[in-house]
Amino acid sequence: MGVTTDGVQEAPVAAEGAAPFSRAVPGAVLEVTKNGLVVAPEKLVDLATYLRDREGYDYLSMVTSVDWSGYLEVVYYLYGVSQPKDALVLKVRLPDKTDPVVPSLISVWPGADFQEREVYDMMGIRFTGHPNLRRMLLWEGFEGHPLRKDYRESYYEEDFKPFKSRHPDGEHLWAEDRAPWKDNISYPVGWDPDLWTSPEVQYRRIMGVDEDHGNGSGIKTERILINMGPQHPSTHGVFRMVVAVEGESVVGLEPEMGYLHRCHEKIGERNTYIMNMPFTDRLDYLCSMSNNFGYALAVEKLMGLQVPERAEYIRVIMAELTRVISHFIAIGFLFNDLGAYFTPALYGLRERELILDLFESASGSRMMCNYMRFGGVFADLPAGWVERARDLVWNRLPRAIEEFEELLTGNEIFLARCKGVGVLTAKEAAAYSMAGPMLRASGVPYDLRKAQPYSVYDRFEFDVCTRPEGDVWARYRVRMDEIYQSIRILKQALDGLPEGPIMPPGKKQYQVRVPPGEAYGRVEGPKGELGFFVVSDGKPNPYRYHVRAPAFINLTTLEKMCLGHKIADAIVILGAIDIVLGEVDR
Amino acid sequence: MKDEIPEGSEAPEELKRNVFLTTVDSVYNWGRASSMWPMAFGLACCAIEFMAMMAARWDLSRFGMEIVRASPRQADLMIVSGTVTKKMVPNIVRLHNQMAEPKYVLAMGACATSGGPFKEGYNVVSGIDKFVPVDVYVTGCPPTPEALLYGILKMHEKVYGQSVRTVPWYKKDQLNEPLPVPVLGPDLYNLKDREALKRSLEAAAGRSEAVLRPDGQATE
């Protein structure tokens, strides 16, 4: 297995002759391709168990699917967390497109839960053994599986942009005027609205309908279902959680999402490669620079581009500034949820403005920077930028973080509310595919910048911040410590910023040529491992484009962390996950 | 304010210093515009810029609007700040119905105005104004806080232009009916399409294959 310098892995190439792992799990690996191992569906669970227990692949990073002509493919990316390992890619091919079935891996890696539900929702692949397989991002009753290649949305014009149909005879025709209902709506033929009843989700599991429950003394407490969101001040957007409570204690919880599902992947597959860059800004809209970074890495890996040194340094500077913003906001809003309404968030927003000023002068936009390009960055830093950044990094930010420490860290109410709340052990955190501060706060020292350094991160000195406690307080502490480390990296990067070009030599291209292949580019975003899975078939548009959203997968443990706590703690636990709905729902 | 004391009559000095004459409209609108409470209702990226506008640099409390209410019952202004998805739009219409009159809606950003960059998406509504009446649109993706502030000042202008004699919420015959809440069917079902759907059902009844069109015609 080769590791390229940018930290994106080559798929494993097996030894000649026998299929890999054939001795341990005979018949599991059907074929070895350059993009991964093709696995027989019936042997998948056995192989996964073996890989987890014996080979050290204890981290299921990503589950997704690709709709090839002829078969559907489920793709699993495995890594090692306790011992950093390169990617092992498993693929299951399902020729039956009408009813594709694959065994669920939830028993091996519980972190597969939401990802498999998403695949079911988007691709229509059923996972046998999944306890709660229903729509994730769309609603029950929605017709079709949008990421199938034959799915056509109401405003469908052509498969790939730029659309030739936009100006047929020099006249512009709006998509609305073309669509049958003059709107982004299509009804199936023969659908009668009067006979329609929406399938209702019963929440039988969290309500304990099928089990006898009581507190042991024969007294039964009635379970009440509380619906929080999608419009709720503490859900950080349009997130909704359905909580079953007995008294004030949480006995079951189900996250409901998709209220901000903006069809990022479907639109991304119609777009050309470069057109996706501004869309990635809008994934995690607090950290647009990190998102750009991950997507650029994935496509550069496919294109085999070498990024000039100055551009690499600029990227690192931008990504670390973004991390500072994100953590300040995350901490501010955690305190919002704790009842310190808006004052800490105001302090965070104040520092954010200063960093956004830097972004605006470099990229032209405050929030949606759209700054990185394949092979470099969009524009060089303007005159005086480095001096302003230096002033911020050396003088302003250390003072700001000191202020945070003084005002917040020792606060007694804060400690009482956060210590011992929402505990995840190291083993659980890895099994549930947690990423970023969530994983490190549980004592797993896994940081992609160290474990598989991409860009120029291997040149900087910094520590991976961990805490052994695994509770909300540890997550707060890890975020604070990471701000210190980001400032440390920023100081080294600003000192070492070389002169030179910011794009590879050659003419700037609007349409990039991407050779066929698959790539998974991942960065350590502020929320965790942000991955972009790009499949190219040589055309100007990605064949498949998938985002591994850390906040989405981190939500898998929400129920586990909340069980047994009071409902007020559930808010705090959610706040400590630090979700951004643009990324959760995509 | 003009001095409107009739000629010949003389008001005492203290009264002159303490009594101000104005129209009911001015006071009424001044009060409403200066304490317009927005609803805490962040949808997407634009909500972050809305918060930036609340924060220190732009400071919305200069306009008496710093009290962001989580409950629609206490809010006067709904800022639709972000992409409106089909899954979310029934909730938005319901929230709008729950707001007490007088209520205003500001569509913030490209998505809320028209669907924006995500317009073609299968889960995206092409603008909130398909379901809820909008008073002010603010352009941008996302609009800068300055742009949003300008939109809010425009909203104030609109409030100042209203008269207590003509506003609909004091008219018995103009009582606002709650807006119809769209239904999540196989796709988002907009209740205004019911007639057309019924017509196309009838038209398709006799045919084996039919593609339905809103005018009730079935083709192919």
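Biologist: In which loop of chain B does B:Pro102 lie?
Modeller: This is a predicted model, in which local features need pLDDT of at least 70 and side-chain atom pairs count only at pLDDT 80 or more, whereas totals for chains, interfaces and linings use all residues. Residues are numbered from 1 along each chain as its sequence is written, and chains are lettered from A and ligands numbered from 1 in the order in which they are written. The elements are DSSP runs numbered from the N terminus: helices (H or I) of at least four residues and strands (E) of at least two. A cis peptide bond joins B:Glu101 and B:Pro102, with omega about -5°, and B:Pro102 belongs to the loop between H4 and strand S2 (104–108) of chain B.

Biologist: Which loop of chain B holds B:Pro142?
Modeller: B:Cys141 and B:Pro142 are joined by a cis peptide bond with omega of about -10°. B:Pro142 is placed in the loop between strand S3 (136–138) and H6 of chain B.

Biologist: At what angle do H3(B) and helix H6 (residues 145–160) of chain B pack?
Modeller: The axes are lines fitted to C-alpha atoms, for helices over the stretch in contact, and angles run from 0 to 180 degrees between N-to-C directions. The axes of H3(B) and H6(B) lie 9 Å apart, and the packing angle is about 80°.

Biologist: How is H3(B) oriented to H6(B)?
Modeller: Angles under 35 degrees count as roughly parallel, over 145 as roughly antiparallel, 65 to 115 as roughly perpendicular and the rest as oblique. With a packing angle of about 80°, H3(B) is to H6(B) roughly perpendicular.

Biologist: Which residues of H6(B) make the contact with H3(B)?
Modeller: Two residues are in contact if their C-beta atoms, placed from the backbone, lie within 7 Å. H3(B) contributes B:Glu49, B:Phe50, B:Ala52 and B:Met53, and H6(B) contributes B:Pro145, B:Leu148 and B:Leu149.

Biologist: Which element gives the largest share of the side of chain B that touches chain A?
Modeller: In all, 52 residues of chain B are in contact with 52 residues of chain A. Among the elements of chain B that give two or more residues to this side are helix H4 (89–98), helix H7 (194–205) and helix H3 (45–54). The largest share, 5 residues, comes from H3(B).

Biologist: How many residues of the side of chain B that touches chain A are nonpolar?
Modeller: Ala, Val, Leu, Ile, Met, Phe, Trp, Tyr, Cys and Pro count as nonpolar, Asp, Glu, Lys and Arg as charged, and the others, Gly among them, as polar. On the side of chain B that touches chain A, 10 residues are polar, 10 are charged, and the nonpolar residues number 32.

Biologist: In what order do the 5 strands of the open sheet in chain A stand?
Modeller: Two strands pair if DSSP finds at least two bridges between them. S1(A) and S2(A) run antiparallel and are joined by 4 bridges, while S2 (36–39) and S5 (85–94) of chain A pair in the parallel sense over 3 bridges. The pairing of the sheet is mixed, and the order is S1-S2-S5-S4-S3.

Biologist: Which residue of S2(A) is the bridge partner of A:Glu31?
Modeller: A hairpin joins S1(A) to S2(A) through 2 residues. In S2(A), A:Glu31 has as its bridge partner A:Val38.

Biologist: Is A:Ser433 buried or exposed?
Modeller: A residue is buried if 20 or more other C-beta atoms, placed from the backbone, lie within 10 Å of its own, exposed if 12 or fewer, and partly exposed in between. A:Ser433 is found in the loop between helix H12 (426–431) and helix H13 (437–440) of chain A, and its phi is near 60°, a positive value in a residue other than glycine. Because 30 other C-beta atoms lie within 10 Å, A:Ser433 is buried.
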